[in-house]
Amino acid sequence: MPEQPSEQAVGRIRTFVERYCEKSGTATHPVAGVTEAVILGLAKNVDELGRPLCPCRFYPDKKEEIKHRTWICACDDMQIYKYCHCLLFVTKEGLPITEYLPEDHEGRSIHGLIKDPTPDKGRPLKAKWQEREKERQARPS
Ligand code: SF4
């Protein structure tokens with residue numbers, strides 16, 4: 001059985017997820033197991049690396065990756081485009097918001113266009129989309 005994260009880390013992530021849903025106008029996935037798997041993955045990374053590195057991506061070197069803030073939850077894609085590719089922060093129906101993504105972003109190809117039901121909330125870093133696009137092309141981790 002894979003090693004479980006500490007209760008402390010799990011508690012920290014649960015509180016964060018609850019608050020971030022409220023702040024961003026998103027919901028957790030209606031299938032509880034989806035949310036739970038991501039929460040445990042984030043908590044494991046908190047235990048291992050001291051940071052909530054996104055658990056749904058592959059990194060050649062996790063320690064190297066946390067020197068960037070790109071994939072520290074809530075990641076740049078969430079804070080700029082309100083898109084969570086782990087399906088942790090979604091619409092009430094469990095769909096990832098793709099409305100603000102660049103058209104060539106993988107989220108658009110996978111899910112199509114999904115509108116933001118709460119456009120007045122979230123995207124605190126939306127002004128940084130150009131920087132994010134440069135990085136997405138240069139460092140596709
Ligand atoms: S995709 Fe972003 S917001 Fe979603 S769980 Fe991963 S780091 Fe967090």
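Among contacts in the protein between residues at least 6 apart in sequence, 48% join residues at least 24 apart, a contact being two C-beta atoms, placed from the backbone, within 7 Å. This is a predicted model, in which local features need pLDDT of at least 70, side-chain atom pairs count only at pLDDT 80 or more, and totals for chains, interfaces and linings use all residues. Residues are numbered from 1 along each chain as its sequence is written.

**Overall fold**
- The protein has six helices and zero strands, where helices (H or I, at least four residues) and strands (E, at least two) are DSSP runs numbered from the N terminus.
- The order of elements from the N terminus is α-α-α-α-α-α.
- Along the principal axes, the C-alpha atoms fill a box of roughly 40 × 35 × 25 Å.
- Of the 141 residues, 30% count as buried (20 or more other C-beta atoms within 10 Å of the residue's own; exposed means 12 or fewer, partly exposed in between; C-beta atoms are placed from the backbone).

**Nonpolar core**
- The largest nonpolar core has 25 residues, of which Ile 13, Leu 42 and Cys 84 touch the most other members; such a core is a set of buried Ala, Val, Leu, Ile, Met, Phe, Trp, Tyr and Cys residues joined through C-beta atoms within 7 Å.
- Two or more residues of this core come from each of helix 1 (7-24), helix 2 (32-49) and helix 4 (76-81), and helix 2 gives the most, with five residues.
- Not counting residues up to four places away in sequence, Leu 42 touches Ile 13, Pro 52, Pro 55 and Cys 73.

**Ligand surroundings**
- Around the ligand are 14 residues, of which Cys 54, Cys 73, Cys 75, Met 78 and Cys 84 come nearest (a residue is near if its C-beta atom, placed from the backbone, lies within 6 Å).
- The shell divides into twelve nonpolar residues, one polar and one charged; Ala, Val, Leu, Ile, Met, Phe, Trp, Tyr, Cys and Pro count as nonpolar, Asp, Glu, Lys and Arg as charged, and the others, Gly among them, as polar.

**Backbone exceptions**
- Most residues other than glycine have a negative phi, and most peptide bonds are trans.
- A cis peptide bond, with omega about 0°, joins Cys 73 and Ala 74; Ala 74 lies in the loop between helix 3 (62-65) and helix 4.
- Lys 82 has a positive phi near 60°, lies in the loop between helix 4 and helix 5 (106-111), and is buried, with 26 other C-beta atoms within 10 Å.
- Leu 87 has a positive phi of about 65° in the loop between helix 4 and helix 5, and its 18 C-beta neighbours inside 10 Å make Leu 87 partly exposed.
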